[in-house]
Amino acid sequence: MNTGIISKRYAKALLGYVQETGGGERVSAQVRELLSGKDMAGIVLEPEIQRFMELLVSKGRVEYVRGIFHTFLQLYYDSIGVLRATLTVAVPAPGLEDRLRPLLEEQFGRKVVIETTVDPCLVGGFVIEAGGRQLDASVRHRLDKIRRQFIISNNRLV
């Protein structure tokens with residue numbers, strides 16, 4: 001069966017369950033933590049997540065949990081009218097989120113939640129993805145662009 005279909009089906013079920021229990025914010029916060037890759041040894045799962053994990057184990061669907069959780073977060077934020085954005089920076093940049101959030105909220109007309117990751121491969125600058133759009137203001141992107149222009153100009157000379 002298709003992984004995307006399975007993820008969406010179970011994510012919708014989890015969303016419906018947390019909406020019934022009223023624990024959407026708690027559960028979404030813990031799902032973000034679980035997806036962050038941090039050491040979660042000794043953490044006590046929210047009751048909704050605990051029951052959901054038991055369901056996944058009983059149905060043999062544990063291998064899909066990452067996809068399910070990613071889809072759940074997207075569905076949850078859509079249900080409360082919030083747009084998720086991913087900000088990737090070369091080095092931690094305090095205050096960058098605060099400067100970008102109003103611009104994104106104006107652009108999309110919705111509240112924006114920005115999740116930041118650090119990727120030293122960017123060399124400098126940032127990449128932001130939101131609402132199916134991407135803005136690449138990284139040094140790596142600029143260097144690649146210069147490299148491509150250099151290759152094109154040298155091919156014309158030969």
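## Helix 4

Helix 4 covers residues 65–79, 15 residues in total. Its first and last C-alpha atoms lie 20 Å apart, close to the 21 Å expected at 1.5 Å a residue. That expected span is 1.5 Å times one less than the number of residues. Helices (H or I, at least four residues) and strands (E, at least two) are DSSP runs, numbered from the N terminus. G81 follows helix 4, with a positive phi near 75°.

This is a predicted model: local features need pLDDT of at least 70, side-chain atom pairs count only at pLDDT 80 or more, and totals for chains, interfaces and linings use all residues. Residues are numbered from 1 along each chain as its sequence is written, and side-chain values use heavy atoms, without hydrogens or water.

## Buried face and cover

V65, I68, F69, F72, L73, L75, Y76 and Y77 of helix 4 are buried (under 20% relative accessible area; exposed is over 50%, partly exposed in between; 1.4 Å probe, protein chains only). Their cover includes helix 1 (3–21), helix 2 (24–35), helix 3 (47–59), strand 1 (82–89) and strand 2 (111–118).

## Nonpolar cores

A nonpolar core is a set of buried Ala, Val, Leu, Ile, Met, Phe, Trp, Tyr and Cys residues joined through side-chain atoms within 4.5 Å. The largest has 22 residues; V31, F52, I68, F69 and F72 touch the most other members. Helices 1, 2, 3 and 4 each give two or more residues. Helix 4 supplies the largest share, eight residues.

A second, separate core of 13 residues includes A85, I128, A130 and A137.

## E48

E48 sits in helix 3. E48 is buried, at 5% relative accessible area. Beyond neighbours within four places in sequence, E48 contacts L14, Y17, V18, T21, G23, R26 and V27 (contact: heavy atoms within 4.5 Å).
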